Amino acid sequence: MDRIDLLRIFIRVAESGSFTHAADTLQMPRSTVSTAVQELENRLGTRLLARTTRSVRLTDDGRMFQQTALRLLGDFEDAENRFRLHSSQTRGHVKVNLPSRIGRLIVAPALPEFLDRYPGLDIELGMTDRSINLAEDGTDCVLRVGPLQDSSLIGRKLGLLPVFNVASPSYLAQHGTPQSPADLSAHQAVLYASPTTGRIEDWEWEHDGREDSRPVRGRVTVNSAEGAVACCLAGLGLAQLPAYDVLPHIRRGELVDILPQWRAAPLPMTLLYPHRTHLSRRLEVFTEWLTGLLDAHCFPKDAES
């Protein structure tokens with residue numbers, strides 16, 4: 001079997017942890033997948049996978065070789081794609097990680113159009129609000145919202161994401177509408193605890209060029225944007241949420257924009273890549289599409305109103 005095909009099969013087995021699942025996604029017999037991995041192990045003279053009746057896991061040599069295989073396969077696909085006449089002919093596999101709400105609300109609904117435009121590309125879409133290690137996870141790029149903490153990665157700034165102060169009409173009818181941050185002490189908020197540190201975030205705002213914050217009280221604490229939106233819609237308190245999360249609800253009258261002169265500083269959105277001298281063509285194609293998609297959904301003109 002071709003060596004590149006051996007790498008592709010090994011990578012799929014390593015990522016799925018199953019010969020059967022890898023065979024299904026590659027649309028080939030399980031016996032062919034098993035034989036390919038054995039051939040690769042024989043070529044290398046080492047065991048890459050530890051097999052049991054219930055699971056398949058990487059050996060130490062397998063973990064080391066997986067990173068090499070990903071790099072070699074990426075370089076080969078990039079070389080192929082550079083000589084294709086049209087970007088629609090670009091082929092390969094892109095593994096991306098996105099914040100869960102952006103992935104579910106914005107990217108997933110638009111993926112059919114992208115896949116139709118680029119029939120040779122496959123997308124592995126991870127959606128989580130937790131930080132991941134790109135190198136260890138084999139991820140090609142990750143979208144992060146907020147200040148960056150990892151300086152070892154290459155970043156591409158996409159823009160600043162507006163943050164809104166919102167509440168449901170039912171909450172405001174019962175508790176009144178705050179007119180300034182000084183009124184927050186008389187209100188309940190949907191508290192947000194960082195999924196990484198567990199720390200409950202203060203209420204933040206900008207005014208007259210200065211940033212300020214204060215703790216707020218509330219009876220409900222969440223650790224995801226999904227939970228914050230749901231609790232705010234249910235009338236459980238005030239919340240600070242990104243534009244893409246709240247503008248559709250504001251337009252439908254389900255949430256109300258409050259304290260518009262005291263919004264928090266907008267959040268930077270950044271695409272991060274592992275350290276490489278250049279991006280693969282398949283990754284260039286995907287990030288160009290993703291950038292345009294986010295520009296249309298995350299930075300709307302009415303967010304400035």
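Mentor: Start with helix H10, residues 281–298. Phenylalanine 286 and tryptophan 289 both lie in H10. They sit 3 residues apart, about one turn of the helix. Keep in mind that this is a predicted model.

The structure holds 5 aromatic pairs. In one of them, phenylalanine 114 and tyrosine 118 have ring centres 4.9 Å apart. Phenylalanine 114 counts as buried because its relative accessibility is 0%. Tyrosine 118 has 8% relative accessibility, so tyrosine 118 is buried as well; the cut-off for buried is under 20%.

The ring centres of phenylalanine 286 and tryptophan 289 are 5.7 Å apart. The planes stand at 45°, so this pair is tilted. Phenylalanine 286 and tryptophan 289 are both buried.

Next, follow Phe114 into its helix. Phe114 is among the buried residues of H5, which include Arg101, Ile106, Val107 and Leu111. H5 runs over residues 100–117, 18 residues in total. From first C-alpha to last, H5 reaches 24 Å, close to the expected 26 Å. H5 has a kink of about 45° at valine 107. That kink comes shortly before proline 109.

One more ring deserves a look. Arginine 263 lies over the face of phenylalanine 164, 4.0 Å from the ring centre.

Technical notes:
Residues are numbered from 1 along each chain as its sequence is written. This is a predicted model: local features need pLDDT of at least 70, side-chain atom pairs count only at pLDDT 80 or more; totals for chains, interfaces and linings use all residues. Side-chain values use heavy atoms; hydrogens and water are left out. Rings of Phe, Tyr and Trp (its six-membered ring) pair if their centres lie within 6.5 Å; planes under 30 degrees apart count as stacked, over 60 as edge-to-face and the rest as tilted. Buried means under 20% relative accessible area, exposed over 50%, partly exposed in between (1.4 Å probe, protein chains only). Helices (H or I, at least four residues) and strands (E, at least two) are DSSP runs, numbered from the N terminus. A charge sits over a ring if NZ of Lys or CZ of Arg is within 6 Å of the ring centre and within 35 degrees of the ring normal. The expected span of a helix is 1.5 Å times one less than its number of residues. The bend at a residue is the angle between axes fitted to the seven residues ending there and the seven starting there.
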